[in-house]
Amino acid sequence: MRPIRPGDRGPAVTEIRTVLTGLELLPPAIGDEFDVATERAVRAFQQSRGLSVDGRVGAETWRALDAARWRLGARTLYHAVPEPFTGEDVRSLQERLLEMGYDVGHADAIYGVRTARAVAQFQREVGLKPDGSCGPHTMGALRRLGRKVVGGRPQWLRESDAIRQSGPTLVGRTVVIDPGHGGTDPGVVVPDGPLRWCEADLVHDLASRLEGRLAAAGVRVQLTRGPTPATCLPDTDRAQLANSLGADVFISLHTDGHANPEADGVATYHYGTDNGVTSATGERLAGLVQREIVARTGLRDCRTHAKAWDLLRLTRMPAVRVEVGYLTSPRDRNRLVDPRFRDKVVEAIVAAVQRMFFPIERDVPTGSIDVSELRKVVAAGAVMD
Ligand SMILES: [Zn+2]
């Protein structure tokens, strides 16, 4: 769908304005024009949801706006199959349950099995029938408990526990590598004399190098696409694939682009929203990937950022998206087209994945892991401990 943008008019714009007014981002007024105030409200909304802030309503922003209509308590929620409930009310419920220490995974605004199970557990503990649905009685119980019970970001603790319990070895882990774009979508394309540098091709090359290195360290690796897929897989399908494989770690690879050739550097994204809801292990993986790449390649540090993109929101394991340099920056591009440089990037990511499975108190300094050692350990049949 073509994004709805400033200057547009019509019923879709009225619809958008109504939702934004309901969220108190736009003063109540009749109108069907996407005016300056609407654009400002859309930007504020996108920022609050961790979406890309462009002031336009594309598919992802539209879905978020549609879901934002629902206030907790306005409808009875349950685990519906095959079309689960999604919306702001589900997210509020999940955040409330997380605060109280129930395991719903990410607050992803989808009423899935895990949310239903957490609701049932809550119901059992407060003496209600544990049917896993959230109707007036359960809402009443939640309201009575208010915000008295706070477990201190339990979703952080649970994810780190799962990682810790699985031990420090890489052998037998599953890593899903997601080369961005592909098929009809080449990503960032930069002509260079008779040549043409294309993000989709470069990140696929990075992904296959990474696949080789991780496989040599005993990791089960799966790529989300081949070098020349017929179509471009949507982010929701990429996340689905990682979930269905039960991946331990998900890494999406991209290069960035900007009209200004001066823009350069590496940035890493993990799941999170401005309400402070975040994936702790995703944040940690992003920090490790970012620091290792900066230390080993010298790319400019454009830092880590929390985003609620579908790809990061729907994946159930620590997930990051790395923008490895700007293809539009002559400086970054000269390095990216050099296979030896790409190997350094790959080594940095392998080191970050390895550190992800060290207990925090046994973590090592950035840049200190000799990636070739990992292979020897596997060859010797030893399990790192
Ligand atoms: Zn990209």
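This is a predicted model: local features need pLDDT of at least 70, side-chain atom pairs count only at pLDDT 80 or more; totals for chains, interfaces and linings use all residues.
Elsewhere, salt bridges with shared partners link D205, R209, R342 and D343 into one network.

## Salt bridges across the sequence

Side chains of opposite charge can pair when their charged atoms come close. How many salt bridges does the count come to? The count comes to 24.

One of them joins R238 to D178, and the closest N and O atoms of this pair are 2.7 Å apart. R238 is in helix α9 (residues 235-244) while D178 is in strand β1, so their contact ties together parts of the chain that are 60 residues apart in sequence.

Another salt bridge runs between D264 and R331, where the closest N and O atoms are 3.2 Å apart. D264 lies in the loop between β5 and β6 (266-271), and R331 lies in helix α12 (residues 330-336); the pair therefore ties together parts that are 67 residues apart in sequence.

R331, with a relative accessible area of 47%, is partly exposed.

## The zinc site

Now to the metal. Which residues coordinate the zinc ion? The donors are H181 through NE2, E199 through OE and H254 through ND1, at 2.0 to 2.1 Å. Along the chain, these donors follow the spacing H-x17-E-x54-H.

Here, too, the partners come from separate parts of the chain: H181 lies in the loop between β1 (174-179) and β2 (189-192), and H254 lies in strand β5 (residues 249-256), so this pair ties together parts that are 73 residues apart in sequence. H181 and H254 are both buried.

## Where the elements meet

It is handy to view these contacts by element. Strand β1 holds D178, the salt-bridge partner of R238 in helix α9, and the loop between β1 and β2 holds the zinc ligand H181. Strand β5 carries H254, another zinc ligand, while the loop between β5 and β6 carries D264, which pairs with R331 of helix α12.

Note on methods:
Residues are numbered from 1 along each chain as its sequence is written. Side-chain values use heavy atoms; hydrogens and water are left out. Donors are N, O and S atoms within 2.8 Å of the metal (3.2 Å for Na, K and Ca); water is not among the atoms, so sites may look incomplete. Helices (H or I, at least four residues) and strands (E, at least two) are DSSP runs, numbered from the N terminus. Buried means under 20% relative accessible area, exposed over 50%, partly exposed in between (1.4 Å probe, protein chains only). A salt bridge is a side-chain nitrogen of Lys or Arg within 4 Å of a carboxyl oxygen of Asp or Glu.
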